[in-house]
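Subject: Structure for your review

Dear colleague,

Please find the structure below, followed by an account of what was found in it. I would be grateful if you read the two side by side.

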Amino acid sequence: CIGPALMLAAVGAVFGQAASNHDRSVTAFKQIAQVMRSPRCMNCHTMTEFPRQGDDGRRHDQTVTRGEGGLGTAPMQCAACHRDANSPDGYVPGAPEWHLAPLSMSWEQARGDKDLCNGLLDKQRNGNREAKGIVVHMLNDALVQWAWAPGRGRTPPSISQEDFHGLLRLWESTGAVCPASN
């Protein structure tokens with residue numbers, strides 16, 4: 001996996017010049033989308049009434065359901081098993097305030113990068129956030145950061161946490177542009 005600086009330099013070479021902010025922003029988002037589509041994100045950004053688990057995105061064991069606020073239903077609320085950190089053996093994942101993303105932020109229905117980006121920027125779906133607020137959320141939320149230390153048997157995203165953070169900042173600073181097509 002190449003770092004964002006090298007990847008963006010390559011984009012400029014393709015266009016025969018330094019890439020425009022528009023092109024840099026679109027290219028950065030396409031890399032961000034790879035992380036958003038990883039099982040670490042998709043398992044909780046599901047359109048189902050239950051969380052998914054594992055690298056295969058299977059239905060959560062114990063027939064856990066979404067419940068109010070994405071916290072599960074009694075007696076199988078998320079906090080019954082998921083603590084502030086992964087279990088010592090790494091089998092049970094954990095991070096502070098473990099929960100499912102709101103249904104409005106499901107990414108399963110996105111047909112491509114354009115749909116994914118537009119949904120992410122849709123204030124009616126994203127908690128009324130501007131692009132900068134989305135970046136702040138993704139840089140600081142403990143559940144997002146957990147993706148790079150997911151515990152035993154779970155694969156982290158293919159892009160490093162440091163590169164992901166850089167791509168987020170680049171995407172926002174160059175206009176938070178969405179791809180023109182899926």
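Arg 40 counts as buried, because its relative accessibility is 6% and buried means under 20% relative accessible area, with exposed over 50% and partly exposed in between (1.4 Å probe, protein chains only). This is a predicted model, in which local features need pLDDT of at least 70 and side-chain atom pairs count only at pLDDT 80 or more, while totals for chains, interfaces and linings use all residues. Residues are numbered from 1 along each chain as its sequence is written, and side-chain values use heavy atoms, with hydrogens and water left out.

Salt bridges

The structure holds six salt bridges, a salt bridge being a side-chain nitrogen of Lys or Arg within 4 Å of a carboxyl oxygen of Asp or Glu. One of them joins Arg 40 to Asp 55, with the closest N and O atoms 2.6 Å apart. Arg 40 lies in helix H3 (residues 39-42) and Asp 55 in the loop between strand E1 (52-53) and strand E2 (58-59), so the pair ties together parts that are 15 residues apart in sequence. Helices (H or I, at least four residues) and strands (E, at least two) are DSSP runs, numbered from the N terminus. Asp 55 is partly exposed, at 35% relative accessibility.

A salt bridge also forms between Glu 108 and Arg 52, at 2.9 Å from N to O. This pair links distant parts of the chain, 56 residues apart: Glu 108 is in the loop between strand E4 (76-77) and helix H4 (113-121), and Arg 52 is in strand E1. Both count as partly exposed, Glu 108 with a relative accessible area of 26% and Arg 52 at 22%.

Asp 56 and Arg 58 meet in a salt bridge as well, at 3.0 Å from N to O. Here Asp 56 is exposed, at 56% relative accessibility, whereas Arg 58 is partly exposed, at 37%.

A pair of helices

The axes of helix H2 (residues 21-36) and helix H7 (residues 161-173) come within 8 Å and cross at roughly 140°. Axes are lines fitted to C-alpha atoms, for helices over the stretch in contact, and angles run from 0 to 180 degrees between N-to-C directions. H2 is therefore oblique to H7, since angles under 35 degrees count as roughly parallel, over 145 as roughly antiparallel, 65 to 115 as roughly perpendicular and the rest as oblique.

Residues of H2 that meet H7 include Phe 29 and Ile 32, and those of H7 include Leu 167 and Trp 171; contact means heavy atoms within 4.5 Å.

Yours sincerely
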